[in-house]
Amino acid sequence: MLKQFKVRDIGELDDGRPAAMVDKALRSAIEDCSNRPGVGKARKVAVIFEIIPQCGENGVCSDVDIEIVSSAVLPKSRSKTLNMGVRPNGQMVFNPGSDDNHKQGTLDQSDGMAEPKLEE
């Protein structure tokens, strides 16, 4: 039996796969909100119905093919700002004990004022 398609019928299509895709996109957005509540930017979930007309020999559209596309757009993930030193040979160096100051000395260094030595 044929019935008119409405958005609420999406779960009846293709054994529920399109609805599961939309649910997955929603879940991704909500999980990102839970994992990064301090990021105040919007999480966006889009559901797009791509509808392609199928015309018969007489040029009349009697059928359409439809694809349902869902996506989640989340704010980019960023680390905190990390401080690294630059060497003349093009290397960057960091201090595993101090993310914000690569020159930070530790109590176990003998002269205290010297820049930490580079591990090979």
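**Questions on a predicted model**

Q: In which strand is Ile 66 found?
A: The model discussed here is predicted. Strand E2 covers residues 61-73. Ile 66 is found in strand E2.

Q: Does Ile 66 count as buried, partly exposed or exposed?
A: Buried residues have under 20% relative accessible area and exposed ones over 50%, with partly exposed in between. The relative accessibility of Ile 66 is 41%, so the residue counts as partly exposed.

Q: Which strand gives the most residues to the nonpolar patch?
A: The nonpolar surface patch has an area of about 780 Å², and its residues include Val 45, Val 47, Val 64 and Ile 66. Strand E1 (44-55) and strand E2 (61-73) each supply at least two of its residues. With four residues, the strand that gives the most to this patch is E1.

Q: In what order do the elements of the protein chain run from the N terminus on?
A: The protein chain has one helix and four strands. From the N terminus on, the order of these elements is α-β-β-β-β.

Q: What percentage of the residues of the protein chain count as buried?
A: To count as buried, a residue must have under 20% relative accessible area. The protein chain has 120 residues, and the share of them that count as buried is 17%.

Q: How far from a polar atom of the side chain of Ser 70 does the backbone oxygen of Met 21 lie?
A: Ser 70 is found in strand E2. Leaving aside residues up to four places away in sequence, Ser 70 touches Met 21, Val 22, Ala 25, Ala 46 and Val 47. The distance between the backbone oxygen of Met 21 and a polar atom of the Ser 70 side chain is 3.3 Å.

Q: What distance separates the C-alpha atoms of Ser 70 and Ala 19?
A: Ser 70 belongs to strand E2. Ser 70 and Ala 19 are 51 residues apart along the chain, and their C-alpha atoms are separated by 9.3 Å.

Q: With the side chain of which residue does the side chain of Arg 43 make a polar contact at 2.8 Å?
A: The side chain of Arg 43 reaches the backbone oxygen of Val 39 at 2.7 Å. Beyond four places in sequence, Arg 43 touches several residues, among them Ala 29, Asp 32, Val 73 and Pro 75. The polar contact of 2.8 Å joins the side chain of Arg 43 to that of Asp 32.

Conventions: Residues are numbered from 1 along each chain as its sequence is written. This is a predicted model: local features need pLDDT of at least 70, side-chain atom pairs count only at pLDDT 80 or more; totals for chains, interfaces and linings use all residues. Side-chain values use heavy atoms; hydrogens and water are left out. Patches are made of residues with over 30% relative accessible area and no salt bridge: like charges are joined within 9 Å, nonpolar side chains (Val, Leu, Ile, Met, Phe, Trp, Tyr) within 5 Å. Accessible areas come from the Shrake-Rupley method with a 1.4 Å probe; for residues, only the protein chains shown count as cover. A salt bridge is a side-chain nitrogen of Lys or Arg within 4 Å of a carboxyl oxygen of Asp or Glu. Buried means under 20% relative accessible area, exposed over 50%, partly exposed in between (1.4 Å probe, protein chains only). Contact means heavy atoms within 4.5 Å. A polar contact is a pair of N or O atoms within 3.5 Å; within protein, one must be able to donate a hydrogen and the other to accept it, and residues adjacent in sequence count only if both atoms are side-chain atoms.
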